[in-house]
Amino acid sequence: MTLLTEMMERPLDPAYAAEAERRVARGLSPTPPPRPLRIAAILLVLALVITIAALALRQPRAVIAEQKADLISRIEERQQAGDAQRARAATLNQEIATARGQLLAAQDLQTLNSELAAAELGTGAIAVSGPGVVITLDDSAQAAGSGAAGDPRAAGDVDQGRVQARDLAIVANGLWQAGAEAVSINGHRLTSLSAIRFAGDALIVDFRPLTRPYVVSAIGEKGQLHTRFVGTDAGSYAQGLADNYGVRYSVDDHDQLTLPADPSMDVRVARVPGAGPSAAATSGAAPTTATNTPAATTTATTTKEAVSP
Amino acid sequence: MIPALGLIVGIALGIFLDPSVPVWLQPYLPIAVIAALDAVFGGIRAVLDGIFNDKVFVISFLSNVVVAALIVFLGDQLGVGSQLSTGVVVVLGIRIFSNVASIRRHLFHA
């Protein structure tokens, strides 16, 4: 308390009073005669210090903004590069499929060809189209308006109206349950290897962040898929989200939907029993061996062998 | 007149030279500014009290800046730099406020 009292009651440097007293004791006036040059020099230094400090400390904010913009542009650049690679992979897969189809047709292996086609249809290796439903999920109006930089104290309430990875996963699983033959979220085809995850506030499907609204498209029997989905647990869960948390949710029937292929179809570990340990894939031997796995890598290698001559 | 000129020249120099402050010095800048302001308001109050002394002003200005910087430097070495900065800002801030209040009493008699 002494310190605080001292500070509050005698804020002025005691040296001023002491110096004045000494001068009075010596018979002089309490203040020395004004020396404007000296004071001007002090004020110059003072103004310099304050200006330098203001300039130096204000700059980092601009630098931070610059770095942020740089990061954002780099993220966008990489995303575009990734999109381009995906598109290229899709084209290449298409070429491979065409070449393989020709090869198999030429070698009278039509059954194998149709088996492959059926397998690809199921696994999501090729684009498919047909009738189906489109389920649209979106954050509640309140949550969507608040944005990420909203008041953190209000976040508890707002988060409730936000679509989460779990919601999407439940809806996707509900669609499979209702008999969907192919499902995609915002144009990302779901396969047996797909992951629906979240990182912070962002939803991630197959390592690609999604932006709202979240559109889940599914191909299945016309009319039936819708009815059955609404009857599943996922259907009532989604309806519950809409009723309780204000999540915007709608199910629409479509006569014609086209779902893209998943270009990253790949089997990393599994292989057909009996076949050598990925010997076929690495050596590219025996392009016509019917026992080769339907894995994309194997087919790719064999087809390349067949095409190049 | 001449002191005001000094002030203006100082600001102009700071703006036009725009010297780059080394990173290690940057944490001390806000402290230096607060300490300088404290000395300035102390000086103005002394003028109004009729006991201003330019020698005391210079010494109080320099010692304020040096001591404040020293405290922050020590705090940085001990890992409590930000806390000690806050302490310095609080103490000098209180002093500035009460000096300004005293100046206000002198000028407006209120």
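Predicted model: local features only at pLDDT ≥ 70, side-chain atom pairs only at ≥ 80, totals over all residues.
Residues are numbered from 1 along each chain as its sequence is written, and chains are lettered from A in the order in which they are written. Local features need pLDDT of at least 70, whereas totals for chains, interfaces and linings use all residues.

In an unreviewed UniProt entry, the annotation "transmembrane region" is given to residues 27-44, 56-74 and 80-98 of chain B; such annotations may be inferred rather than shown by experiment. Residues 27-44 of chain B are 94% helix and 0% strand, with end C-alpha atoms 27 Å apart. For residues 80-98 of chain B the content is 95% helix and 0% strand, and the end C-alpha atoms lie 27 Å apart. Helices (H or I, at least four residues) and strands (E, at least two) are DSSP runs.

Helix α2 (residues 28-49) and helix α3 (residues 54-78) of chain B pack with axes 9 Å apart, at an angle of about 150°; axes are lines fitted to C-alpha atoms over the stretch in contact, and angles run from 0 to 180 degrees between N-to-C directions. The two helices, α2(B) and α3(B), are therefore roughly antiparallel (over 145 degrees). Residues in contact (heavy atoms within 4.5 Å) include B:Tyr28, B:Ala35 and B:Gly43 in α2(B), and B:Phe57, B:Asn64 and B:Asp76 in α3(B).

Between chain B and chain A, about 3,500 Å² is buried, 77% of it on carbon and sulfur atoms; buried area is the accessible area (1.4 Å probe) lost on being put together, summed over both parts. In chain B, the most area is lost to chain A by B:Ile51, B:Asp54 and B:Val56, together 15% of what that side buries. This contact takes 42 residues from chain B and 36 residues from chain A.

Methods
Heavy atoms only, no water. Parallel < 35°, antiparallel > 145°, perpendicular 65-115°, else oblique. Buried area = accessible area lost by both parts, 1.4 Å probe.
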